[in-house]
Amino acid sequence: MLKVENLVVRYGMIEAIKNISFTVNDGEICTLIGANGAGKTTTMHTISGLIKPVSGKILLDDVDITKVPSHKIVSMGLAQVPERRRVFAQETIEENLELGAFTRRDKDGIQEDLRKVYDRFPRLEERKKQLAGTLSGGEQQMLAMGRALMARPKILLMDEPSMGLSPLLVKEIFRIIEEINKQGTTVLLVEQNAKMALAIAHRAYVLETGMITLEGTGEELAKDPRVQSAYLGG
Amino acid sequence: MSGVVMFFMQIINGLNIGSIYALIALGYTMVYGIAKLINFAHGDIIMVGAYLSLVLLNTGMHWSIATLLSILGCALLGFTMEKVAYKPLRKASRISLLITAIGMSYLLQNSFQLIFSANPKPYPAFINLPSLKLGSITISSNYYTTFIVSVLLMILLTLFVKKTKMGKAMRSVAEDEGAARLMGINVDHTISLTFIIGTGLAAVAGILYSNCYTIISPTMGSLPGIKAFIAAVLGGIGSIPGAVLGGFILGMIETLVKAYISSQLADTIVFLILILMLVFKPAGILGKNVREKV
């Protein structure tokens with residue numbers, strides 16, 4: 001589904017991503033775990049086309065999207081739930097969801113997906129005329145997920161969905177990620193909360209200061225002593 | 001003339017100049033909202049619009065076609081200005097953009113001085129509808145036309161921004177450009193469209209202004225431009241209703257000060273308002289203090 005090959009990203013003189021390669025297979029949940037500053041968000045932004053890499057390739061279903069502008073990538077089936085959710089605070093919930101479907105023209109399909117989002121997140125429907133800025137952190141996370149789903153993506157990128165949420169809400173969000181995945185959407189998840197991420201991931205990579213240092217199934221990495229000592233507090 | 005009639009006339013004057021300020025302020029505020037740029041060349045677009053329409057009217061062209069072509073010409077200029085001067089600097093510091101905008105303003109003024117000379121030229125006013133008589137007050141057609149056209153355009157703009165897909169794209173780019181990109185919104189197109197609309201409105205303002213004052217010069221845009229900028233700040237820069245409100249308030253204050261206090265002090269007071277506003281309420285009357293939950 002998604003293939004990243006020898007990606008290098010620089011901010012001025014600083015090399016944020018130093019030659020990483022990874023693959024997300026059709027239908028799976030793949031996770032990149034790593035500490036603050038490891039380059040997780042940079043990777044996500046580069047895949048979505050917000051940052052252009054110095055070298056390397058990004059392939060979506062074997063199509064090279066490295067040089068495709070960000071606004072076209074969405075209609076190719078890749079949507080992202082960004083770090084800190086970044087909902088449009090001045091717009092209502094419904095308007096946020098409509099913006100998620102910005103690239104689509106199939107009115108009936110959009111209505112159908114809006115229905116699905118509301119069924120999945122009933123809280124959003126109750127408050128659809130409210131400004132998104134008035135929502136709590138957890139509700140904003142749900143809105144950001146709903147908004148990304150409105151693009152009807154083949155692959156959903158999720159950047160730190162657990163950030164700033166209570167443990168109970170984190171559980172709920174991860175349950176929903178699994179559910180979305182079971183209904184057929186491939187997921188690339190980036191997390192600092194390694195324990196939760198590894199528990200739901202089919203495959204996982206460890207990212208450290210711009211390099212991939214380990215890879216394996218979620219289970220394997222959860223048992224790996226190096227991962228345990230560095231990321232799982234054990 | 002009785003005091004009441006005189007006061008009423010001043011109110012009409014204030015609404016007239018206020019609607020011109022509001023039209024110009026809309027361009028300032030929209031461009032700021034989306035590109036985070038104070039386009040100081042925006043005032044000079046009024047002048048370009050006035051000269052374009054003068055040249056076209058002098059060829060004997062019907063006023064409606066001349067007006068339409070002038071608006072299109074200014075929109076094209078706005079589009080080009082953004083692509084050539086501002087887009088390459090989008091990642092540069094704010095100060096570089098600001099200096100470029102001031103440079104753009106001088107470039108326009110000086111090239112028009114070169115082409116048309118610095119001397120003011122008479123403008124063939126074409127708004128010649130019957131005057132409106134309300135009791136002992138006569139309102140000339142320039143005045144009510146300016147007001148009606150401006151208000152109509154403001155309503156259309158508001159509907160465009162609120163209801164259309166492109167309008168929604170504009171709002172979302174203004175709020176969070178990166179998130180807008182993730183929605184699949186073409187930010188470059190959105191910025192271009194903003195410049196086109198803003199400069200188109202400024203062209204209309206220029207033509208209405210010239211119809212009222214019937215004399216145009218290459219520097220005619222700078223003072224109304226600065227005042228419209230103050231209007232935009234007063235209303236809350238970035239806010240569309242703020243620009244309209246600021247424009248009308250400023251026009252009204254300026255007219256009333258001219259009529260009842262001193263015509264020499266009018267500009268002083270207008271600039272004093274800007275200073276006071278920046279000191280005490282920098283976000284403006286309708287400006288949003290953006291606060292985010294994290």
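Domain bounds here come from an automatic or database domain assignment. On that basis, chain A is divided into domain 1 (1–77 + 154–234) and domain 2 (85–152), and the C-alpha centres of these two domains of chain A lie 23 Å apart.

Good morning, colleagues. Before I go further, two notes on conventions. What you see is a predicted model, in which local features need pLDDT of at least 70, side-chain atom pairs count only at pLDDT 80 or more, and totals for chains, interfaces and linings use all residues. Residues are numbered from 1 along each chain as its sequence is written, chains are lettered from A and ligands numbered from 1 in the order in which they are written, and side-chain values use heavy atoms, with hydrogens and water left out.

Let me begin with the two domains of chain A. Contact, meaning heavy atoms within 4.5 Å, involves 19 residues of domain 1 of chain A and 14 residues of domain 2 of chain A. Buried area is the accessible area (1.4 Å probe) that two parts lose on being put together, summed over both. Between domain 1 and domain 2 of chain A this comes to about 1,200 Å², with carbon and sulfur atoms giving 69%. On the domain 1 side, A:Ile173, A:Ile176 and A:Ile180 lose the most area to domain 2 of chain A, together 29% of what that side buries.

Which charged side chains meet here? A salt bridge is counted when a side-chain nitrogen of Lys or Arg lies within 4 Å of a carboxyl oxygen of Asp or Glu. The rule finds one salt bridge across the interface of these two domains of chain A. In chain A, the side chains of A:Arg120 and A:Glu179 meet in a salt bridge, at 2.9 Å from N to O. As for polar contacts, these are pairs of N or O atoms within 3.5 Å; within protein, one must be able to donate a hydrogen and the other to accept it, and residues adjacent in sequence count only if both atoms are side-chain atoms. Three residue pairs are in polar contact across this domain interface of chain A, both residues at pLDDT 80 or more.

The elements I name are DSSP runs, numbered from the N terminus: helices (H or I, at least four residues) and strands (E, at least two). On the side of domain 1 of chain A that touches domain 2 of chain A, two or more residues come from each of α2, β7 (155–159) and α7 (167–182) of chain A. Of these, α7(A) gives the most, with seven residues.

A further salt bridge in chain A joins the side chains of A:Arg152 and A:Glu112, at 3.8 Å from N to O. This pair links distant parts of the chain, 40 residues apart: A:Arg152 sits in the loop between α6 and β7 of chain A, and A:Glu112 in helix α4 (residues 107–120) of chain A. Over all chains, the structure holds 31 salt bridges.

I turn now to the sheet. Two strands pair if DSSP finds at least two bridges between them. In chain A, four strands form an open antiparallel sheet in the order β2-β1-β4-β5. Why does one side of β2 (14–24) and of β5 (63–64) of chain A lack a neighbour in the sheet? Both stand at the edges, each with a single partner strand, so one side of each is left without a neighbour.

β1(A) and β2(A) run antiparallel and are joined by eight bridges. In their hairpin, which has two residues between the strands, A:Gly12 takes a positive phi near 60 degrees. Strand β1 (residues 2–11) of chain A also pairs with strand β4 (residues 55–60) of chain A, in the antiparallel sense, over five bridges. A:Val8 stands opposite A:Lys18 in β2(A) and opposite A:Ser55 in β4(A), while A:Lys3 has A:Leu59 of β4(A) as its bridge partner.

Finally, the chain interface. Chain A contributes 29 residues to the contact and chain B 20 residues. Together they bury about 2,300 Å², 59% of it on carbon and sulfur atoms. There are four salt bridges between chain A and chain B. B:Lys168 forms a salt bridge with A:Glu98, the closest N and O atoms being 3.2 Å apart.
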